[in-house]
Amino acid sequence: MTATMTVAAPARPTPSSTQGRRRALLALARFESIRMLRHPLTVAAALLFLAPWLWGWLSGSANRYPVLPDELITIQLLALPILGGSALIVANLVTLRAHRHKVDASYDVLVLPPAWRVGGFLLALLPLAGLSLLLAGVPVGDSAALPGAAGSVDIATLLTPSALTLLLGAVGVLAGVLIRSVLIAPLVVLLVLVLEFLVITPLIIETGWRFLLPVYVSEFTVPVPAGVSDRPAARHLAYLIGITVLLAAAVLARANARRQVVAAGLVVGLILAVGGGLTQSRPDPGLAAARVTVEERAASIQSCEIRGDVTYCFFEGFGGFVPGWDAVVTSVRAVVPASAASSGPPLAVRQRASLDAITAAGWTGSIAEDRRVVAGWKVEDAAAGTPEAVRVDTSWGDDRAAAALAAEVAYRLMAAKAYDGGNFLCGAPAALLVWLVGQASPTTLAGMRSLDETSFGALSFSDISSRYGILVPDRAAAPALELLRRADEVAPLVERHWVELTAPETPLERFGAIFGVPIQPLAPDDEALPCVA
Amino acid sequence: MTAVQATGLALRYGRTTALEDVTFTLRTGVTGLLGPNGAGKTTLLRIVATALPADGGTLRVFGHDPSTPPGRLAVRRLLGYLPQDPGFHPSFTAFEFVDYVAILKELTHRATRHTEVARVLSAVGLDDRRRSRIRTLSGGMKQRLALAAALVGDPDLVILDEPTVGLDPEQRLRFRELIADLGERKTVLLSTHQTEDVMSLCQEVVVLDRGRVRFEGTPTELAGLAAGRVWTSAAREAGALASWRTGTGLHRHVGDPPSGAALVEPSIEDGYLTLVGAAAEASAIAGGAR
């Protein structure tokens with residue numbers, strides 16, 4: 001130790017001024033934010049948050065047809081416990097640091113007042129929120145760059161993970177100033193996890209309570225076209241920011257901040273929280289009309305793209321799915337006789353969203369209701385110049401969706417009309433359809449096998465909505481699945497017996513006779529099945 | 001110039017009197033605060049450091065009244081305080097810790113602040129450990145780091161509560177060197193049990209005992225309280241206030257010497273012992289009488 005105190009000119013605190021104090025506040029916020037960003041928990045949370053995306057990227061299992069609004073909702077659900085939870089604990093540790101390390105005695109007599117110090121802790125959360133935005137932006141940006149991406153990135157939804165980080169970070173600071181124990185923060189994170197579990201249950205999703213929750217949860221289980229969601233993201237964001245401002249005001253009040261500052265915080269927080277909270281749950285007068293349009297007059301709001309002799313119509317933002325649909329259509333047409341590949345009206349594929357069939361509560365309609373809706377679609381298709389259009393879902397990218405579309409296309413080529421929905425496909429046509437789907441491509445085969453694994457009693461070519469998913473009884477599917485191993489022998493027979501095999505009245509036994517495969521005896525239950533006429 | 005003027009300071013914790021009618025003055029230089037355990041030294045330091053309000057009396061620090069918020073703030077701007085058990089953030093580096101304290105002292109300009117932090121770290125001899133995590137520093141280094149934190153911002157009043165506890169002799173000497181240098185320009189209030197620290201550093205000394213000021217003067221004057229009351233002899237003498245065998249083989253006694261005793265020059269320790277011992281004796285007699 002050497003006494004060199006006179007070497008450098010000492011620096012002294014600047015005389016008291018609001019500007020100087022603000023600078024100190026910013027300096028403290030900067031110092032704390034760097035420590036928060038470098039905290040092992042923050043780093044671990046960032047890695048955990050990115051893990052699903054990294055895994056998909058490294059393993060190649062990522063969906064090549066992501067729907068961006070849905071991706072953002074998933075990201076939000078991950079951000080709440082992971083990014084928000086880590087922000088809560090880290091902010092709590094920062095707030096309690098002086099107490100934990102018994103430095104209070106020294107710090108109590110330093111110049112910057114407690115209210116400004118907690119103000120610095122709150123401000124330090126902003127870079128953490130920036131990190132959340134960056135972390136959310138990485139997978140979303142990656143998805144958006146894919147040619148098959150659908151929908152658009154809503155800025156308010158993209159900012160929601162940041163708002164959640166700020167909100168839970170403010171909870172951490174408030175817990176620190178109220179209770180001097182580091183055990184509280186992990187308990188609050190646990191509570192958040194439990195709440196989030198409740199959020200994703202239909203019990204909450206179907207009620208108005210979901211509007212009060214910090215995460216946006218869609219009432220639909222599959223992607224929906226723009227404009228049919230009942231919770232505007234911008235108002236939800238305002239609601240979150242409002243709660244955060246209220247928490248910050250509570251922190252400042254506890255730290256004896258000036259009354260005017262606390263009052264201003266309360267007013268702004270209340271306006272945002274109450275305003276955003278109420279208006280987000282208020283029914284939008286245009287919403288019902290928008291939903292009717294999407295369900296019943298889709299053609300009026302869709303764009304169409306012609307590829308070869310096939311027309312593909314889709315909701316705004318879903319054009320990226322067309323190449324994927326086209327690949328499936330082409331593969332199915334390749335395994336039917338040339339004459340059948342162009343049977344009926346010009347082939348068209350139209351995207352449909354059956355909103356009340358895809359809510360979190362599941363399908364609540366009836367077969368009769370389904371058939372009525374499908375009949376309406378047929379009328380609309382005819383009016384739009386795409387009669388007997390094949391229907392396709394708003395989800396795309398996995399094998400099961402490809403198999404479901406392949407089944408729809410196969411039926412359309414076999415029957416020269418679109419599937420009517422509701423009833424089972426029976427007899428030889430049912431077995432032929434299964435064989436065509438399996439034969440079309442490895443993707444459709446894998447999808448069909450996957451659907452078969454989760455189907456009981458019948459093979460359902462839809463994993464989401466029963467409204468227009470083709471149903472094939474297991475008795476008809478079994479011989480066709482057996483034949484998939486003998487493609488070379490079967491294909492010529494299919495071509496030769498095409499007309500007979502596609503006739504609705506041809507029994508399954510005839511299919512067995514043509515291809516030499518055993519057919520299960522008709523069970524009493526099978527006799528009762530309502531079959532497509 | 002008068003830096004601190006305390007008049008009739010008092011503080012009670014329930015029925016216990018911690019301080020009573022404490023009056024003293026501090027000027028530029030090092031003032032030692034001596035007293036037995038429980039005398040109220042730390043309480044007094046905390047009051048002067050604005051960490052604790054007094055129940056009664058008046059206190060002025062460079063003319064500011066710490067009992068008012070603006071006065072308290074003004075005092076804090078001029079203050080460096082090293083508490084008895086300074087805490088540390090183990091994961092901080094030495095530089096980060098002092099930088100953090102500098103921010104809380106409202107040293108707002110980043111470059112200037114960093115220069116100041118480097119200056120005080122250099123002053124306490126931690127220049128080469130500035131990037132070391134505090135958890136890796138020795139006890140002596142931590143004590144120097146706490147001093148650096150107290151000195152950052154060049155405070156006019158430095159309050160040090162037993163800063164040399166736990167330091168080895170070499171570290172203590174270096175600490176003295178530093179505090180002595182500081183005392184040339186600043187007002188330093190040094191609470192300590194080490195009478196040799198007071199003798200070698202302080203221009204003034206205040207002795208506090210059972211919440212009251214028993215003495216205020218120079219170290220020589222404190223030592224002078226024992227003049228004619230310190231003697232040596234070959235054997236222990238039971239009537240002395242204190243008696244011990246020295247390295248020379250002779251016994252040194254403090255108290256009322258017998259006639260013909262070989263009186264010796266009193267030390268500050270003898271003066272302190274005379275002052276506090278006599279008070280304790282008087283208190284014991286008073287207690288016995290009750």
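Tutor: A cavity here is a set of points, on a 1 Å grid over the protein atoms alone, where a 1.4 Å probe fits but cannot get out. Grid points are joined across faces, edges and corners, and the volume is the space filled by probe spheres set on them. This is a predicted model, in which local features need pLDDT of at least 70 and side-chain atom pairs count only at pLDDT 80 or more, while totals for chains, interfaces and linings use all residues. Residues are numbered from 1 along each chain as its sequence is written, chains are lettered from A and ligands numbered from 1 in written order, and side-chain values use heavy atoms, without hydrogens and water.

Now the lining. A lining residue has an atom within 4 Å of a point. For the second largest cavity these residues are Thr42(A), Ala46(A), Leu83(A), Ser86(A), Leu128(A), Leu131(A), Ser132(A), Leu135(A) and Thr165(A). Five are nonpolar, four are polar and none is charged. Ala, Val, Leu, Ile, Met, Phe, Trp, Tyr, Cys and Pro count as nonpolar; Asp, Glu, Lys and Arg as charged; the others, Gly among them, as polar.

Which elements supply the lining of the second largest cavity? Helix 2 (40–59), helix 3 (68–100) and helix 6 (125–144) of chain A each give at least two residues. Helix 6 gives the most, four. Helices (H or I, at least four residues) and strands (E, at least two) are DSSP runs, numbered from the N terminus. An α-helix has 3.6 residues a turn, so residues three or four places apart point the same way.

Next, the chain around this cavity. Chain A has 22 helices and six strands. Of its 533 residues, 53% count as buried (under 20% relative accessible area, against over 50% for exposed and in between for partly exposed; 1.4 Å probe, protein chains only). Contacts are heavy atoms within 4.5 Å. Among chain A contacts with a separation of 6 or more, 78% join residues 24 or more positions apart.

The unreviewed UniProt entry gives chain A the feature "transmembrane region" at several spans, including 40–58, 73–94, 115–135 and 155–175. UniProt positions follow the numbering used here, feature names are shortened, and annotations may be inferred rather than shown by experiment. Residues 155–175 are 100% helix and 0% strand, with end C-alpha atoms 30 Å apart. Another of the annotated spans is 261–278. That stretch is also 100% helix and 0% strand, and its end C-alpha atoms are 25 Å apart.

Now compare the other spaces. The structure holds three cavities of 30 Å³ or more. Of its 17 lining residues, the closest to its centre are Ser106(A), Tyr81(B), Val101(B), Ala149(B) and Ala150(B). Helix 4 (104–107) of chain A gives two or more residues to that lining, as do strand 5 (79–82), helix 3 and helix 5 of chain B. Strand 5 of chain B has the largest share, four residues. By class, the lining of the largest cavity has 13 nonpolar, three polar and one charged residues.

Chain B carries helix 4 (110–123), with 14 residues. What covers its buried residues includes helix 1 (18–38) of chain A, and helix 3 (94–104) and helix 5 (139–151) of chain B. Just after this helix, Gly125(B) takes a positive phi of about 75°.

Definitions and conventions:
The expected span of a helix is 1.5 Å times one less than its number of residues. On a 1 Å grid over the protein atoms alone, a cavity is a set of points where a 1.4 Å probe fits but cannot get out, and a pocket is an open set with protein on both sides within 12 Å along at least five of seven lines; lining residues have an atom within 4 Å of a point.
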